Number of protein chains: 2
Amino acid sequence: MKNHSVFCVSDHTGVTVEAVAKSVLAQFPALEFSLIALPFIDSPEKAQAAAAQIAAIPGALVFSTLSDPALRAILRDSRANLFDVFGFVVPAVETALGQAATPSGGRTHGMANNYESRMDAVNFSLALDDGLQPQRLDQADLILVGVSRVGKTPTALYLALQYGLRVANYPLTPDDLEHGSLPDVLLANLPRLRALTLSAERLAAIRQARYPDSRYASLQQCRDELAAAERLFTRHAVPVIDTTRMSVEEIAARLRNLP
Amino acid sequence: MKNHSVFCVSDHTGVTVEAVAKSVLAQFPALEFSLIALPFIDSPEKAQAAAAQIAAIPGALVFSTLSDPALRAILRDSRANLFDVFGFVVPAVETALGQAATPSGGRTHGMANNYESRMDAVNFSLALDDGLQPQRLDQADLILVGVSRVGKTPTALYLALQYGLRVANYPLTPDDLEHGSLPDVLLANLPRLRALTLSAERLAAIRQARYPDSRYASLQQCRDELAAAERLFTRHAVPVIDTTRMSVEEIAARLRNLP
């Protein structure tokens with residue numbers, strides 16, 4: 001099958017243009033694509049080099065979020081299929097706001113300002129990973145709970161990195177589950193608890209990869225733990241997300257938007 | 001100053017539409033904006049509720065990555081300033097590919113497939129955080145080195161979460177620096193080393209927040225450590241990134257694109 005070359009050209013990190021390209025290309029599921037990132041294209045020299053690289057692959061698709069019209073013009077000279085994301089959207093926004101845009105070199109609004117709060121959030125989430133420092137749980141924005149290997153740590157770190165949220169995570173051990181009630185330190189912070197769960201099959205596969213043929217990884221043990229945990233969540237009205245078929249982005253977006 | 005309300009409407013997580021909105025709005029630095037995320041708008045009922053919420057704020061701006069034309073039509077009825085990102089781009093891509101798009105409910109290409117490799121990468125990066133398990137450094141895609149508090153851990157986690165890279169990080173202690181050579185375990189993995197550095201003032205401020213008035217946080221100590229570290233990086237030809245004015249996205253994008 002033909003593999004379409006797709007360039008993602010940006011004057012900054014390329015996070016935005018890659019997100020757009022992936023979302024658009026997902027709407028052509030029968031085709032195959034190879035993405036080539038060309039970030040930090042912020043001078044005429046770099047734009048000319050990018051245009052030459054693109055022109056060498058006839059029929060290539062090019063997504064661009066260059067904001068400088070002069071650089072965009074250089075890219076157009078490559079005669080590729082150019083999808084100029086800001087070229088479509090910015091004029092419409094200018095009309096709505098009654099004001100001309102200032103090409104900004106791709107710097108995202110307020111990024112510099114919230115960098116420190118996001119790094120603080122990452123450090124907080126690492127410090128309160130896996131039940132560490134429970135005396136600080138009252139400082140958390142959210143507290144993820146669930147049984148071992150249900151995805152708490154990556155989700156907490158993603159929420160910290162992406163949104164600057166201080167997210168602790170606390171594992172429910174078999175002892176906690178037998179006790180029939182959430183640990184006191186969690187009950188003291190009930191409104192900020194969010195529970196993650198998974199299908200027993202998926203959890204067993206994840207545990208199996210780490211501790212093959214252990215009781216811990218057995219399907220029966222996973223079923224028992226998940227069922228006991230779900231009873232606790234219901235009893236204390238903790239909102240639950242089943243992450244079985246979700247990406248970490250999706251889990252994070254749903255957690256942000258839970259009641 | 002007038003604060004413009006901006007809705008980001010998506011049928012999935014909203015990561016793409018928020019990235020586009022922030023990049024476009026950054027080009028209007030004199031204005032102020034409040035972003036309201038409306039993710040998971042994937043049914044006519046939810047689209048009608050979103051349209052009603054938008055219509056309640058006259059003059060609101062609306063960025064949308066809805067892919068279902070029926071849902072887009074409902075949003076248009078809100079009579080807001082609608083910037084339909086895919087509405088602009090997808091028809092142009094259809095023409096270039098000679099094929100009609102299949103609205104996909106926003107699922108990103110290959111997201112489900114690489115979820116596990118990204119989670120594995122996060123677990124790897126946590127397991128090899130801060131010099132832990134040096135015997136596994138040969139399994140890393142990249143090894144970040146630098147003095148304490150230079151930003152290694154958040155950068156490693158971001159690369160793991162965003163790109164599925166297995167990124168270890170290894171701190172250079174004052175002992176390492178006095179020794180005048182990189183530790184043997186790093187020399188054995190030299191091609192995958194990437195160094196982070198910062199201005200001494202910035203590093204002192206970061207350390208000061210954690211250990212006020214310590215020798216560790218003094219400007220002189222920071223200057224000495226950074227200078228000694230940079231001599232080592234030069235001696236062993238380790239590529240160096242100065243992160244003083246960079247976001248974690250920018251550091252990560254530059255690391256991916258280093259020679």
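Buried here means under 20% relative accessible area, exposed means over 50%, and partly exposed is what lies in between, using a 1.4 Å probe and protein chains only. The model is a predicted one, so to speak of local features takes pLDDT of at least 70 and side-chain atom pairs count only at pLDDT 80 or more, while totals for chains, interfaces and linings use all residues. Residues are numbered from 1 along each chain as its sequence is written, chains are lettered from A and ligands numbered from 1 in the order in which they are written, and side-chain values use heavy atoms, with hydrogens and water left out.

**Where the two chains meet**

- Chain A and chain B bury about 6600 Å² between them, and 69% of that is on carbon and sulfur atoms; buried area is the accessible area (1.4 Å probe) that two parts lose on being put together, summed over both.
- Chain A puts 72 residues into the contact and chain B puts in 72 residues, with contact meaning heavy atoms within 4.5 Å.
- Four salt bridges are counted between chain A and chain B, a salt bridge being a side-chain nitrogen of Lys or Arg within 4 Å of a carboxyl oxygen of Asp or Glu.
- B:Arg256 makes a salt bridge with A:Glu18, with 3.6 Å between the closest N and O atoms.
- There are also eight residue pairs in polar contact between chain A and chain B, both residues at pLDDT 80 or more. A polar contact is a pair of N or O atoms within 3.5 Å; within protein, one must be able to donate a hydrogen and the other to accept it, and residues adjacent in sequence count only if both atoms are side-chain atoms.
- On the side of chain A that touches chain B, the elements giving two or more residues are α1 (15-25), β2 (32-38), β3, β4, α4, α5 (111-127), α6 (152-163) and α11 (248-256) of chain A. Helices (H or I, at least four residues) and strands (E, at least two) are DSSP runs, numbered from the N terminus.
- The residues on that side of chain A split into 42 nonpolar, 18 polar and twelve charged.

- In α3 of chain A (residues 69-76), the buried residues are A:Leu71, A:Arg72, A:Ile74 and A:Leu75.
- Looking down the axis of α3(A), these buried residues fall within an arc of 155 degrees, so they line one face of the helix; the arc is that of the directions from the helix axis to the C-beta atoms.
- What they pack against is β1 (3-9), α2 (44-55), β3 (61-64), β4 (81-84) and α4 (85-97) of chain A.
- Where α3(A) starts, a side-chain oxygen of A:Asp68 comes to within 2.8 Å of the backbone nitrogen of A:Ala70.
- As for α11(A), seven of its nine residues are buried, so call it mostly covered; A:Glu249 and A:Glu250 are among them.

**Salt bridges within a chain**

- Over all chains, the structure holds 14 salt bridges.
- A:Arg207 pairs with A:Glu225, the closest N and O atoms being 2.8 Å apart. A:Arg207 sits in α9 (residues 200-210) and A:Glu225 in α10 (residues 219-235) of chain A, so the pair ties together parts that are 18 residues apart in sequence.
- A:Arg207 is buried at 0% relative accessibility, and A:Glu225 is buried too, at 5%.
- B:Lys46 and B:Asp42 meet through their side chains (2.9 Å, N to O); B:Lys46 is partly exposed at 39%.
- B:Arg254 bridges to B:Glu250 at 3.4 Å between the closest N and O atoms, and both lie in α11 (residues 248-256) of chain B, four residues apart, about one turn of the helix.

**The loop between α9 and α10 of chain B**

- B:Tyr216 is placed in the loop between α9 (200-210) and α10 (219-235) of chain B, and is partly exposed at 25%.
- Not counting residues up to four places away in sequence, B:Tyr216 touches residues including B:Ser148, B:Arg149 and B:Arg207.
- B:Asp213, found in the loop between α9 and α10 of chain B, has a positive phi near 60 degrees without being a glycine.

Technical notes: Nonpolar A, V, L, I, M, F, W, Y, C, P; charged D, E, K, R; others polar.
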